[in-house]
Amino acid sequence: MIFQRLIWSALAAALLVGSVQTGIQRWQAAPLILSAEVYEDQKAEAPAPTKALAAHAHAEAVAPEHAHDHGTAQEWAPENGFERTVWTWVANILHAFSMALLVFAVMGVYLYRRGAALASLPLAAWVAAAGWLSFHFWPSLGLHAEVSGMDAAPLHARQVWWVLAMGSAALACALVGFARAPWRWAVAAALLALPFAVGAPHLQGDALAGFGPEAHAALEQLGKQFVWATNWVALSFWGCMAVACGLAFQRWLRPLLLATFEQNKPVTATPAGVNP
């Protein structure tokens, strides 16, 4: 019963949040992405492989026809317009669904450990704020969003650092929210500082190398605007998540969880000779 309500509540919240998110992306971020893609084709091509590299490829038994097919094959991508918007909407709903499940899980744990002192909407707002800090703000301080065509550090290094920043922020939020010892503040501060002590991976050189002066200046300006746009998109996502999850949790999950927790409370034995 709880599992079914959890899934349907998360789906209801995801439909609302994903739809709102798609509209905000079309308004804030999509025009910048489309503008950057116009300049992406103007980037200078990489130099052709030398004879030594070609001989090495032959030594590695790479068939010429396979190399030709690999160079000309194109991955499928949705067309700009309605098709791209629909698939963006689907992706946003799936993303919102996973985040809603996470928000409900944290709210349920808080309800179990701390009781019903905090109402659903304020609790959802605190959890959503922790999600925004962990999944967007803290990682973006080291690795900001980039528009199409910009070079960056190796993907694996960026992914590892992003996970480190996200995990450190999430652990810090969990300590502050659930632990009661006074040392939790010092440990939380150390966790927040950890990813920046390690250092985020950055590209050595110009991220827009290969573009002409006009395209370089335009993409540089678009990149600055895109950073602000992604910040607003993320803030609106988690704000909408707080409202949707708070209302859904209050309506469908909170009463059932409180009743379940009450039933599963350990029964304290009454000492002999003492009237309860």
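Analyst: A crossing is called left-handed if the near helix is turned anticlockwise from the far one by less than a right angle, and right-handed if clockwise. This is a predicted model, where local features need pLDDT of at least 70, side-chain atom pairs count only at pLDDT 80 or more, and totals for chains, interfaces and linings use all residues. Numbering starts from 1 along each chain as its sequence is written, and side-chain values use heavy atoms, with hydrogens and water left out.

User: What makes up the fold, helices or strands?

Analyst: The protein chain has nine helices and zero strands, counting DSSP runs (H or I, at least four residues, for helices; E, at least two, for strands), numbered from the N terminus. Along the sequence that reads α-α-α-α-α-α-α-α-α.

User: How do H6 and H8 pack, and which hand is the crossing?

Analyst: H6 (residues 120-142) and H8 (residues 184-198) pack at about 35 degrees, axes 9 Å apart. The axes are lines fitted to C-alpha atoms, for helices over the stretch in contact, and angles run from 0 to 180 degrees between N-to-C directions. The crossing of H6 and H8 is right-handed. Trp138, Leu141 and Gly142 of H6 touch Leu192, Pro195 and Phe196 of H8 (contact means heavy atoms within 4.5 Å).

User: What makes that contact five nonpolar and one polar?

Analyst: Ala, Val, Leu, Ile, Met, Phe, Trp, Tyr, Cys and Pro count as nonpolar, Asp, Glu, Lys and Arg as charged, and the others, Gly among them, as polar. So Gly142 is the polar one, and no charged residue takes part.

User: Why are H6 and H7 called oblique?

Analyst: H6 and H7 (residues 155-178) pack at about 140 degrees, axes 8 Å apart. Under 35 degrees is roughly parallel, over 145 roughly antiparallel, 65 to 115 roughly perpendicular and the rest oblique, so this pair is oblique. H6 passes H7 in a right-handed crossing. Its contact includes Trp138 and Pro139 of H6 and Trp161 and Trp162 of H7, and divides into twelve nonpolar, two polar and no charged residues.

User: How do you know that cysteine 240 isn't in a disulfide?

Analyst: A disulfide needs two cysteine sulfur atoms within 2.5 Å; for cysteine 240 the nearest, in cysteine 245, is 8.9 Å away. The whole structure has zero disulfides.
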